[in-house]
Every structure is written in C-alpha cells, then in structure tokens.
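Have a look at the structure first, then follow along with me.

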Amino acid sequence: MRLTAQDLAVRRSGRRIFANLSFALGPGEALMVTGRNGAGKSTLLAVLAGRLKPEAGTVAASEVGEATLSECLHVVGHRDGLKSPLTAEENLAFARDLLGAPTATPRAALEELGLGHALRLPVAYLSAGQRRRVALARLLVCRRPLWLLDEPTAALDAASQAVLAGMMARHRATGGLVIAATHQALGLADAQELRIEAPAPAPPTLARTTVAADEVWW
Amino acid sequence: MRALRALVARDLALAARVGGSGALSLVFFLMIVALVPFALGPDLNLLSRIGPAILWLAAVLSTLIGLDRLFQADEEDGSLDLMTGSPAPLEGVVLAKVLAHWLTTGLPLALASPLFGLLVALDGRAMAATALTLLVGTPALTFVGAVGAALTASIRRGGLILAVVVLPLMIPTLIFGVSASESALGGTVPFTTPLAILCALSLIAGVIGTLAAAAALRWSE
C-alpha cells in the first residue's frame, strides 16, 4: 500500500499541536517520527489511525483495494488493548478473530517473541515488558500492511528489541509499512525521519496543556 | 460475524472470570427485593399487590450495575481502538456487547424473578407473568442503558451521570412492564395489550439504542 499525508494540522482543546506536516510512504518504507515529549507524535499516530480528525490536510491510502485506512493498520501504543483476566492466548485469539485476515497462530506469535511459556497465563500476571510483547504479538496474528507503533521499545529488554527489529524488517520486505514514534534507534534501515518541532509551551498555557494531556487517546 | 461472535464470547468469559458483574447484579436484585418486606411489614395482601412493581423497580436498578463499565473498560485499556479497527461495523460491535451484557444481567434476572417473587408473596400466575414481562422488557433497559454507557465511556466515574441520563428513558419500559404484570392478575385490560407494547419498546430500543450508542462512540473520538 501507499500512504500519503498532506499538510496535516491538528488542534486539540484549542491548542495547535502541529501544522503543515507532509510525508509519503511507498511499499516497504518506514517512517520514524521524532520530537520532544508532548510534541505531538502520538497525536500524529492517532490522526493516521483515524481516531482524531485533523483540522486541515488529508491522509490517503492507495493500492489497498476496498479496505478503509482503519482496516489496513495495526496500532501498538501505550494502551495495549489487553484484558488482564484473559490469558495471552485468549487475548491474541480474540484480536485475530476481531481484526480478520489471520496469519500466525497465537502460540507461534508468542513463541516468536519469546513468550511461549506465558501462553496460558492471565495477562494480569505479566510484567510491563511482557505485556508489551503480547501486544506486539498481535502484529503477527493478522496481516495488516501498515504498522503504527507508539514507542514500541518502551519497557522492552535488548533481546526483545532485536526481535522487534527483525519483525519490522520482515514486514517491510513483504511490502509492509512501518510508522514508529520513538526516542530511540529502532534498527529501521534507511527509514525516513519526520521530526515534529513545536515551540515550548508558554507558562500560562501550561494548565491547559495538562487538561489536553488527560484527553490524549494513547 | 466471526468478529462479533468472538466479541460476545470474550465478554461472557470476562463476566465469568472477574467474579462477574452478572452475579453481582443478581445479588443486588435479591437485596432490593428482600429489603421491601422489611420496610413495609408483613402485610401479605399489600406485598402481593405491589410485588410486580417491586420486582420491576429492582430490575431497573440492578440493570444499572455494571452498565457504566460496558464501554468504559474497553475505552480505558485500548480495546475499543481495536474494535474500531475491525472490519465489523461499530453498530455490530455495540450489538454484540449489549447482547453479552443482557445474557449476563437481564436474562438471569428474568429467570430468577419467580424465585424472588416468593419474597413478596406473589402467587404462581403473577410470578409467571412477571418473569415473562422481565424477559421481554429487560432488553429495552439494556439497550437504553448502552446509549448512556457510550456517552459516558470516556468520563471517569461516569456511573452517576449514566444513571441520571438513563433512568428517565427507562420510564416507559417500567410503566408497561408493571402494567402487563398487573393485568395478568385481573382487571379490565387483557394481558397481551401491554405485553405487546413492551415487546415493541424492546424492538424500538434495539434499533435506536444500537445506532445511538455507535454514534456516541464515534463522536467521543
């Protein structure tokens, strides 16, 4: 698939987050979104996922057939979408049925991420890094061409970061797209970089910034 | 269809596993029904006359239990984002979640109501009538409640707002539910008239509630 964003501008709670963002991604390409905390990286991903309406500009996907953009993408963000009382396997099986286009089984996906032993453990028993790995395993259980990753390496150990880099490389080799908001190198070879520059908020607007942060989706 | 079946199955599994809002609302139902004889005294004639009304009031209140978490729980942990990314329409998602909620609250209430009718001295005929009206009327309560749950999904501690928004909308269901149960005990109106209206209310709530809840979820994004 191809993804084109043109002149995106976003305003939340009256505060302008960013403006005039444009990029284009073709099959197999990757985009690293960088910027200081609060610059709007997660907001950009929310706009791409269709969960926020941009104030101006357009996001368009092409070469995807009849599917809408939100049906072509995987999101792994701060809110991991896992139900604590259910086991890792049940969570992944549910995502697989819900999202459609199943590929790997939950067991295979978890083993790939080194969590084969946690298959039948309730997610509530897992650590933050392990939960993140279960959420990342969702990328493998159904095939979707665009991956939106919001700080995917947060809470991950070095070995898991390498596994994630391998997953992303394989995904791109089969024509997939990766957009990652990050503060670290992710092992994305020749990725484009989009740096969101925003002026530091002035002290009087600080209170409003906290209000807006409460409303942030993920 | 497969996505929606998975969603119903997941919600049922969750209800069973966390200690379940289903069992909790049933206990709450029992509590309210059990409190009334203590408050009114052991006047069996009075109790059996107002018994159906008490059961219906208790059903309305216990439907509210757990309703605030219907969409909020999924909103908080990001599951709702997964559902909006599903090929299934959001209306289908709402329908699946309401169905699972009704199976764990409304249906057990209706099935248990003959038993609880004993506490308010209902005779067999009144028990059967009340159970039947609860069976066809509780879906309306759940659908109406789903609209409020969707509206308050992103509000923390939205349970009270939910009750305030939703309870007035449950009044028609309450009126026809109680009047159908009472007309079974005799009176000028045949039993089927208010019962048919109650069925109609459930069907209307099913259509409007599903569309409105899905619209509220989209809008809150």
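**Entry 1: ground rules.** I am working with a predicted model. I kept to local features with pLDDT of at least 70, and I counted side-chain atom pairs only at pLDDT 80 or more.

**Entry 2: chain A overall.** I began with the secondary structure of chain A, which comes to six helices and eight strands. Reading along the sequence, I noted the pattern β-β-β-α-β-β-α-α-α-β-α-β-β-α. Next I looked up the radius of gyration of chain A: 17 Å, close to the 17 Å that the globule rule gives for 218 residues, so the chain is as compact as a globular protein of that length. Along the principal axes, its C-alpha atoms fill a box of roughly 50 × 40 × 30 Å. Of the 218 residues in chain A, 43% are buried. I also took the contacts between residues at least 6 apart in sequence, and in chain A 74% of them join residues at least 24 apart.

**Entry 3: the five-stranded sheet.** In what order do the five strands of the open sheet in chain A lie? I read the order as β5-β6-β7-β3-β8, with parallel pairing. At the edges I found β5 (73-76) and β8 (192-195) of chain A, each pairing on one side only. From one strand to the next the twist averages 15°. Helix α1 (residues 41-48) of chain A packs on this sheet, where it touches β3 (30-34), β6 and β7 (177-181) of chain A. The direction of α1(A) makes about 145° with that of β7(A).

**Entry 4: a closer look at β5(A).** Four bridges join β5(A) to β6 (residues 146-150) of chain A, and the two run parallel. Leu73(A) stands opposite Leu146(A) in β6(A), and Val76(A) stands opposite Leu149(A). Which way do the residues Leu73(A), His74(A), Val75(A) and Val76(A) point from β5(A)? Leu73(A) and Val75(A) point one way, while His74(A) and Val76(A) point the other way. I checked burial too, and all of these residues are buried.

**Entry 5: the three-stranded sheet.** Chain A also has an open sheet of three strands in the order β2-β1-β4, with antiparallel pairing. Here the edge strands are β2 (15-25) and β4 (56-62) of chain A, each pairing on one side only. The twist averages 15° from one strand to the next. I counted seven bridges between β1 (residues 2-12) of chain A and β2(A), which run antiparallel. For one pair of facing residues I wrote down Val10(A), opposite Phe18(A) in β2(A). Helix α1(A) packs on this sheet and touches β1, β2 and β4 of chain A, its direction making about 120° with that of β1(A).

**Entry 6: chain B overall.** I found eleven helices and zero strands in chain B. The radius of gyration of chain B is 18 Å, close to the 17 Å from the globule rule for 221 residues, so chain B is as compact as a globular protein of that length. Its C-alpha atoms fill a box of roughly 55 × 35 × 30 Å along the principal axes. Buried residues make up 50% of the 221 residues in chain B. For contacts in chain B between residues at least 6 apart in sequence, I noted that 80% join residues at least 24 apart.

**Entry 7: where the chains meet.** How many residues of chain A are in contact with chain B? My count is 20 residues of chain A in contact with 20 residues of chain B. On the chain A side, the elements that give two or more residues are β5 and α2 (88-99) of chain A. Helix α2(A) gives the most, with five residues. I sorted the residues of this side of chain A into ten nonpolar, four polar and six charged.

Notes:
Residues are numbered from 1 along each chain as its sequence is written. Chains are lettered from A and ligands numbered from 1 in the order in which they are written. Two strands pair if DSSP finds at least two bridges between them. Axes are lines fitted to C-alpha atoms, for helices over the stretch in contact, and angles run from 0 to 180 degrees between N-to-C directions. Two residues are in contact if their C-beta atoms, placed from the backbone, lie within 7 Å. Ala, Val, Leu, Ile, Met, Phe, Trp, Tyr, Cys and Pro count as nonpolar, Asp, Glu, Lys and Arg as charged, and the others, Gly among them, as polar. The radius of gyration is taken over C-alpha atoms; the globule rule is 2.2 Å times the number of residues to the power 0.38. A residue is buried if 20 or more other C-beta atoms lie within 10 Å of its own, exposed if 12 or fewer, and partly exposed in between; C-beta atoms are placed from the backbone.
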